[in-house]
Amino acid sequence: MKLVLVLCCLLFGINSQGQHQLKKIWESDSTLAIPESVLPDKDVLYVSLIDGSPWDTDGKGGIAKLDKNGKIINPGWATGLNAPKGMGIWRGKLYVADVSEVAVINLSNGKVESKIPVESATGLNDITVDDKGTVYVSDSKLGTVHQLKNNQATLYLSNLKGVNGLKAVGTDLYILTAKEVYKVGTDKQQTVVGMMELGGDGIEPVGKGDFILSTWAGVVYYMGKDGKMETLLDTRAQKKNTADIGYDPAQRIIYIPTFMAKSVVAYQLN
């Protein structure tokens, strides 16, 4: 009888835990000019728009502003960029990775206040800002991560094949590459904490050491603190990309830019 009770309890525990799921809430109009990254801030979403080839310096790129119900408030909130991708916020400024430089935009009016050059950069991709205001930006073409302090960029890490997504969590920096998920401490020691089948794009912490990871190809993963990967979403058959995600921790909502499908989709994380 005791054995039966133990087995029942174990079975109940497995079933009650289940798998994590994404439930679609809304999708914006498909009129956004190649949305690559989404960044939630208070009651709005900032969306970087490439509007051209991913690495061209053509001046066509910009930032759109949406509300949190998916309504496009202003498709040209900020203009004059090239192929903007990852974004981060610090003290009223929006930092944007833009091919070879980091654009600094005033959040109050959408004006580009400055552009910080990154030496030798040709493929700046994602940005994260730590709790002290230090900005980190990845260069996917060169396999490097740069650090920005006092509007000066210096090389921080190198030899990271396919580097893209970045996320500062406390004193650690989490990095997505072609296959690996790294955790890097202040000593710059790199520890592999997960492995992906596809190259990573966006990374967001969801609590208790767990993360949501997106891949440009169209797959979104849930990574537990033990490094185990669980597929949450696969839109490859629909030819919808899942680029650099944003996350609202209070509402547990994930915002996914669909790149060539030209929309943003919101999902509830359960």
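Reader: Why does Gly200 count as buried?

Author: Buried means under 20% relative accessible area, exposed over 50%, and partly exposed in between (1.4 Å probe, protein chains only). Gly200 has 6% relative accessibility, so it counts as buried. This is a predicted model, in which local features need pLDDT of at least 70 and side-chain atom pairs pLDDT 80 or more, while totals for chains, interfaces and linings use all residues. Residues are numbered from 1 along each chain as its sequence is written, and side-chain values use heavy atoms, without hydrogens and water.

Reader: Which residues is Gly200 in contact with, leaving aside its neighbours within four places in sequence?

Author: Contact means heavy atoms within 4.5 Å. On that rule, Gly200 touches Asn164, Gly165, Leu176, Thr177, Ser214 and Thr215. Gly200 sits in strand β18. A strand is a DSSP run of E, at least two residues, and strands are numbered from the N terminus.

Reader: What makes β11 largely enclosed by the rest of the structure?

Author: Five of the five residues of β11 (residues 135–139) are buried, so the strand is largely enclosed. Val135, Val137 and Asp139 point one way. Tyr136 and Ser138 point the other way. In a regular strand the side chains alternate between the two faces of the sheet.

Reader: How do you know that β10 and β11 pair?

Author: Two strands pair if DSSP finds at least two bridges between them. β10 and β11 have four bridges, in the antiparallel sense.

Reader: Why do β6 and β9 count as edges of their sheet?

Author: Four strands form an open, antiparallel sheet in the order β6-β7-β8-β9. β6 (87–90) and β9 (112–117) each have a single partner strand, so one side of each is left without a neighbour in the sheet. β6 joins β7 (residues 93–98) through four bridges. Ile89 stands opposite Leu94 in β7.

Reader: Are Val99 and Asn151 buried or partly exposed?

Author: Val99 has a relative accessible area of 5%, so it is buried. Asn151 has 44%, so it is partly exposed.

Reader: Which residues touch the most other members of the largest nonpolar core?

Author: A nonpolar core is a set of buried Ala, Val, Leu, Ile, Met, Phe, Trp, Tyr and Cys residues joined through side-chain atoms within 4.5 Å. The largest has 14 residues, and Leu22, Ile212, Val220, Leu232, Ile254, Ile256 and Leu269 touch the most other members. β24 gives the most to this core, with three residues.

Reader: Which residues lie nearest the centre of the largest pocket?

Author: Its lining has 23 residues, and Leu39, Pro40, Met87, Lys167 and Glu204 lie nearest the centre. A pocket is an open set of points on a 1 Å grid over the protein atoms alone, where a 1.4 Å probe fits, with protein on both sides within 12 Å along at least five of seven lines; lining residues have an atom within 4 Å of a point. β2 gives the most to the lining, with five residues.
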